[in-house]
Amino acid sequence: PWSACTARCGTGTQPRRVNCAGKECHGKKPESEQQCHHDSPDCTNCKAIVFGGPNFDGWSLEFTPGEYTVSDMEVKGAKCDDISSMKVFGYYCKTTVYEFGDFNGQHKGWMADFGPGSYNRQQLVDGGAKDNDISSLKVVKTGKPAGNSTGSPYYSNGANANARSSNVTNSSKNPFGAANPFHSSAVSSGVFAVLAAAASRFF
């Protein structure tokens, strides 16, 4: 059987394994690769729909690619700090949500990226956002698949960012990792003993 196409959108290749009995194939060997093409709406669409309810219920509003401050969102009919779930459509679509209404320009606040997928309240929180605390957002059509999401077979960029932040925090505590020899109590004791012996020669 043919394997999956290498391209999610546009033209790619589709390989398969060809086995012949014995050392050589009798006649012409079957093709082991062919071209394939995908052209679904998700290849060109890019939009985000936000919801007031935690499970894609309550009020809802659609946002196409663009940047939306808190004022822009309110003009479109969104309610400030009242977003509890979201859907992002399009393989090449990314939505970034911000704590403050000017994309955190004047204040330091949290932000989180979400690729294509559906995010209920818990999944938004798991992705790095806060419930009922989204005040501005950006919808961007990227030049390549826009990260991953917990609401589909992918993972959220926001969740990955949280993981990276945790790793940075841990590495700053121990830049050598768990195997850091300088964090060994036995080595530390030995070092202090040598220093103490050296100091006794001068006193």
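The largest cavity holds about 40 Å³ of space. This is a predicted model. A search of the whole structure turns up 1 cavity of 30 Å³ or more.

Which residues line the largest cavity? They are V70, M73, E74, A78, K79, C80, I134 and S135. By class, 5 of the lining residues are nonpolar, 1 is polar and 2 are charged. C80 is part of this lining.

Now step back to the whole fold. The protein chain has 4 helices and 10 strands. Read from the N terminus, the order is β-β-β-β-β-α-β-β-β-β-α-β-α-α. The chain has 203 residues, and 30% of them are buried. Its exposed surface comes to about 12,500 Å². Carbon and sulfur atoms supply 52% of that surface.

Contacts tell how the chain folds back on itself. Take the contacts between residues at least 6 apart in sequence. Of these, 63% join residues at least 24 apart.

How many disulfides does the structure hold? There are 3.

Start with C5 and C36. Their disulfide has an S to S distance of 1.9 Å. The torsion about this S-S bond is about 85°, so the disulfide is right-handed. C5 sits in the segment before β1, which spans 10–15, while C36 belongs to strand β2, residues 33–38. The two cysteines are 31 residues apart in sequence, so the pair ties together separate parts of the chain. Why does C5 count as buried? Its relative accessible area is 18%, and buried means under 20%. C36 is buried as well, at 10% relative accessibility.

Move on to C9 and C43. The sulfur atoms of this disulfide lie 2.1 Å apart. The angle about the S-S bond is -90°, and the link is left-handed. C9 is in the segment before β1, and C43 is in the loop between β2 and β3. That loop leads to β3 at 47–51. The pair links distant parts of the chain, 34 residues apart. C9 is buried, with a relative accessible area of 16%. C43 is buried too, with a value of 11%.

The remaining pair is C46 and C93. Here the S to S distance is 2.1 Å. With 65° about the S-S bond, the link is right-handed. C46 is buried, with a relative accessible area of 10%. C93 is also buried, and its relative accessibility is 0%.

The segment before β1 contributes C5 and C9. On handedness, the C5 and C36 disulfide is right-handed, the link of C9 and C43 is left-handed, and the link of C46 and C93 is right-handed.

Methods
Residues numbered from 1 in each chain as written. Predicted model: local features only at pLDDT ≥ 70, side-chain atom pairs only at ≥ 80, totals over all residues. Heavy atoms only, no water. 1 Å grid on protein atoms, 1.4 Å probe; cavity = no way out; pocket = protein on both sides within 12 Å on 5 of 7 lines; lining within 4 Å. Points joined across faces, edges and corners; volume = space filled by probe spheres on them. Nonpolar A, V, L, I, M, F, W, Y, C, P; charged D, E, K, R; others polar. Buried < 20%, exposed > 50% of the residue type's maximum accessible area, 1.4 Å probe, protein only. Contact = heavy atoms within 4.5 Å. Areas by Shrake-Rupley, 256 points an atom, 1.4 Å probe, with all protein chains shown as cover. Disulfide = S-S within 2.5 Å.
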